[in-house]
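These are my notebook entries on a single protein chain. I set down what I looked up, entry by entry.

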Amino acid sequence: MDVVGRRLKEAHENSYAHSKFYSKEYLEYAKELTDIYYKSDLMKRNFISENPSLFGLYSIKEALMRGGGVSDDMDIPAYEDVFETIYKERFPGHPYTTEISGLIEARNVKAGNKYPDYKVTREDGTTEQISSLIKDNVAVIDLWASWCGPCRRHSIELIPVYEKYGSFLI
């Protein structure tokens, strides 16, 4: 098990250990199950590292999409490393390679960081790179879906921003 995985495993176990809601038997079972998960995940990563294949590419995609398993971000950096060092060059034209690259890039999106460049489609059907629209300006990018209640409620909070800076909108 790698150093990061070991530290995260310990943190996960400590979160159970300090809880008053679990019986001793349950805590022992949870520890055993967590150990099995870590061992099987490490075996899987070793296998796909030593035997690059479409199964491995799919396994990386699955790991990035599920967010790590027992604890968020538990094994994600290791899967990203396997992808970057082995799979990215081995399967350059495969749709999973593009999707995995996007998932890795999306994990690095943080408030205040530079946003990844992508194409946007305007109402008239033309497309442009977001960077050509923003240039070197500060931008508020609100991504939401019409079916997402929390997203729609959050958009209401942006009305004052629109009212103040509306003339600068693209």
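Entry 1, overall fold. I took a contact to mean heavy atoms within 4.5 Å. On that basis I looked up contacts in the protein chain between residues at least 6 apart in sequence, and 49% of them join residues at least 24 apart. I note here that the model is a predicted one. I then listed the elements and found eight helices and two strands in the protein chain. Read from the N terminus on, the order is α-α-α-α-α-β-β-α-α-α. I next looked up burial and found that 26% of the 170 residues of the protein chain count as buried. For the surface, I recorded that the protein chain exposes about 12,400 Å², of which carbon and sulfur atoms supply 56%.

Which residues have the most contacts inside the largest nonpolar core? I found I48, L57, I60, L64, F83, Y87 and I100, in a core of 13 residues. I then asked for the helices behind this core, and α3 (54-66), α4 (76-90) and α5 (95-107) each supply at least two of its residues. Helix α4 gives the most, with five residues.

Leaving aside neighbours within four places in sequence, I found Y87 in contact with I48, N51, P52, S53, G56, L57, I60 and V82.

I picked G56 from the contacts of Y87 and placed G56 in helix α3. Is G56 buried or exposed? G56 is buried, because its relative accessible area is 0%, and the cut-off for buried is under 20%. Not counting residues up to four places away in sequence, G56 touches I48 and Y87. I also looked up the separation of G56 and V82, which lie 26 residues apart along the chain; their C-alpha atoms are separated by 9.5 Å.

How many salt bridges does the count come to? I recorded seven. Side chains of opposite charge can pair when their charged atoms come close.

I looked up K44 and found a salt bridge with E62, with the closest N and O atoms 3.1 Å apart. This pair links distant parts of the chain, since K44 is in helix α2 and E62 in helix α3, 18 residues apart. K44 is partly exposed at a relative accessible area of 23%, and E62 counts as partly exposed at 31% relative accessibility.

I turned to E99 and K61, whose side chains meet in a salt bridge at 3.7 Å, N to O. E99 lies in helix α5 and K61 in helix α3, so the pair ties together parts that are 38 residues apart in sequence.

I then looked within one helix. K88 forms a salt bridge with E84, the closest N and O atoms being 3.4 Å apart. Because K88 and E84 are four residues apart in helix α4, about one helical turn separates them. K88 is partly exposed, with a relative accessible area of 36%, and E84 counts as partly exposed at 36% relative accessibility. I also recorded one network, in which salt bridges that share partners join D41, R45 and R66.

Which cysteines does a disulfide join? I found C148 and C151, with an S to S distance of 2.3 Å. The link of C148 and C151 is right-handed, with 70 degrees about the S-S bond. I looked up both partners: C148 counts as buried at 13% relative accessibility, whereas C151 counts as partly exposed at 23%.

I searched the surface for a nonpolar patch and found one formed by Y22, Y26, Y29, L33 and I36. Together these residues have about 490 Å² of accessible area. I looked up Y26 and placed it in helix α2 (residues 24-50).

How values were computed. Residues numbered from 1 in each chain as written. Predicted model: local features only at pLDDT ≥ 70, side-chain atom pairs only at ≥ 80, totals over all residues. Heavy atoms only, no water. Patch = residues over 30% accessible without salt bridge, like charges linked within 9 Å, V, L, I, M, F, W, Y side chains within 5 Å. Areas by Shrake-Rupley, 256 points an atom, 1.4 Å probe, with all protein chains shown as cover. Salt bridge = Lys/Arg side-chain N within 4 Å of Asp/Glu carboxyl O. Core = buried A, V, L, I, M, F, W, Y, C linked by side-chain atoms within 4.5 Å. Buried < 20%, exposed > 50% of the residue type's maximum accessible area, 1.4 Å probe, protein only. Disulfide = S-S within 2.5 Å.
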